[in-house]
Amino acid sequence: MDYLVKALAYDGKVRAYAANTTETINEAQRRHYTWPTASAAIGRTMTATVMMGAMLKGEHKLSVKIEGGGPIGAIIADGNAKGQVRGYVSNPQVHFDLNEHGKLDVRRAVGTTGTLSVVKDIGLRDHFTGQTEIVSGEIGDDFTYYLVSSEQVPSSVGVGVLVNPDNTILAAGGFIIQLLPGTEEAVIERLEKRLSTIEPISKLIEKGMSPEEVLEEVLGEKPKILETVPVEFSCNCSKERFANGVISLGTAEIEDMIEQDGQAEAQCHFCNEKYVFTKEELEELREETTR
Ligand SMILES: [Zn+2]
């Protein structure tokens, strides 16, 4: 079972998050039939998104959109404070040879010209929107840049995905380290040094390290765990929601569907679930439009 932890370290001056998202990203891969480079891109994005969701409270949620101008198109991920996350990419069947570091060439798939946007739904119709330029295309660094420049919290984001030869996910996970005001210079230097020398996060997860152990490895001390949250791929779509969409098309449009196809199909972008409306169901929905 995937989960994330929220923690504090260095006398409460450093806030930290870490997640194992292997099963969650595996489900995204299976639902969207992503090829390895696309799996890494969507997996890194969903992992960062679910950790940012953990920064929220209650029913609050966030949406992340990355558009880097590359062949993958847009990457969309939604997360909330309960560890639920969903996501998709415009073009899931994107794959390239490994890059010069022997890693999946995410930058090439994502592109390097565009934006990372975040919309947070924080209740009472309040929305917070932030947007930054894509600075790397490798996604982790792009989230780091977003948190530092848009939310003005000194942060470091590490996210990674390893893919098996059969396209399933071998390991996925990430961490976010944030400095709270008043962090001593010595602590900052120590963290910077550790961040520049640790193994890639996907390797740590592959070795079997838990989120708690990942944080200890990254931070260089045992953190105080504040909360543990289960993480899962979760989509709130339903046939009823799509039925409401059909109703909103209006009588004439539904008439057309009944006459031309005798049925209608709707597919959820986020989870790829398909909903079929039979002729009889469409006739019922047509009645709803006149009520
Ligand atoms: Zn769905």
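Two aromatic pairs are found in a search of the whole structure, which is a predicted model. In one of them, the rings of Tyr 88 and Phe 270 are edge-to-face, because their planes stand at 85° with the centres 5.0 Å apart.

**Aromatic rings and charges**

- The pair of Tyr 88 and Phe 270 links distant parts of the chain: Tyr 88 belongs to strand E5 (residues 84-89), Phe 270 to the loop between E12 and E13, and the two are 182 residues apart.
- Tyr 88 is buried, with a relative accessibility of 18%, and Phe 270 is buried as well, at 15%.
- The ring of Phe 270 also has the charged end of Arg 86 over it, 3.7 Å from the ring centre.
- At another ring, that of Phe 277, Lys 239 lies over the face at 5.0 Å from the ring centre.

**Zinc site**

- The zinc ion has four protein donors, the SG atoms of Cys 235, Cys 237, Cys 268 and Cys 271, at 2.2 to 2.3 Å.
- The arrangement is tetrahedral because the angles subtended by the four donor atoms run from 101 to 116°, within the limits of 85 and 135 degrees.
- Along the chain, the donors follow the spacing C-x1-C-x30-C-x2-C.
- Cys 235 lies in the loop between strand E11 (232-233) and helix H8 (239-249), and Cys 268 in the loop between strand E12 (264-267) and strand E13 (274-277); the pair therefore ties together parts 33 residues apart in sequence.
- Cys 235 is partly exposed, at 22% relative accessible area, whereas Cys 268 is buried, at 6%.

**Six-stranded sheet**

- Six strands form an open sheet with mixed pairing, in the order E7-E6-E3-E4-E5-E11.
- Strand E7 (127-133) and E11 are the edge strands; each has a single partner strand, so one side of each is left without a neighbour in the sheet.
- Strands of a sheet pair through backbone hydrogen bonds, either parallel or antiparallel.
- Strand E3 (residues 61-67) and strand E6 (residues 115-121) run antiparallel and are joined by seven bridges.
- Val 64 stands opposite Val 118 in E6.

- Thr 228 is a residue of strand E10 (residues 224-230), and it is partly exposed, at 46% relative accessible area.
- Beyond its neighbours within four places in sequence, Thr 228 is in contact with Tyr 3, Leu 4 and Val 5.
- The C-alpha atoms of Thr 228 and Val 5 are 4.5 Å apart in space, although the two residues are 223 residues apart in sequence.

Terms used: Residues are numbered from 1 along each chain as its sequence is written. This is a predicted model: local features need pLDDT of at least 70, side-chain atom pairs count only at pLDDT 80 or more; totals for chains, interfaces and linings use all residues. Side-chain values use heavy atoms; hydrogens and water are left out. Donors are N, O and S atoms within 2.8 Å of the metal (3.2 Å for Na, K and Ca); water is not among the atoms, so sites may look incomplete. Four donors count as tetrahedral if all angles lie between 85 and 135 degrees; four count as square planar and six as octahedral if opposite donors are over 155 degrees apart and all others between 65 and 115; anything else is irregular. Helices (H or I, at least four residues) and strands (E, at least two) are DSSP runs, numbered from the N terminus. Buried means under 20% relative accessible area, exposed over 50%, partly exposed in between (1.4 Å probe, protein chains only). Contact means heavy atoms within 4.5 Å. Two strands pair if DSSP finds at least two bridges between them. Rings of Phe, Tyr and Trp (its six-membered ring) pair if their centres lie within 6.5 Å; planes under 30 degrees apart count as stacked, over 60 as edge-to-face and the rest as tilted. A charge sits over a ring if NZ of Lys or CZ of Arg is within 6 Å of the ring centre and within 35 degrees of the ring normal.
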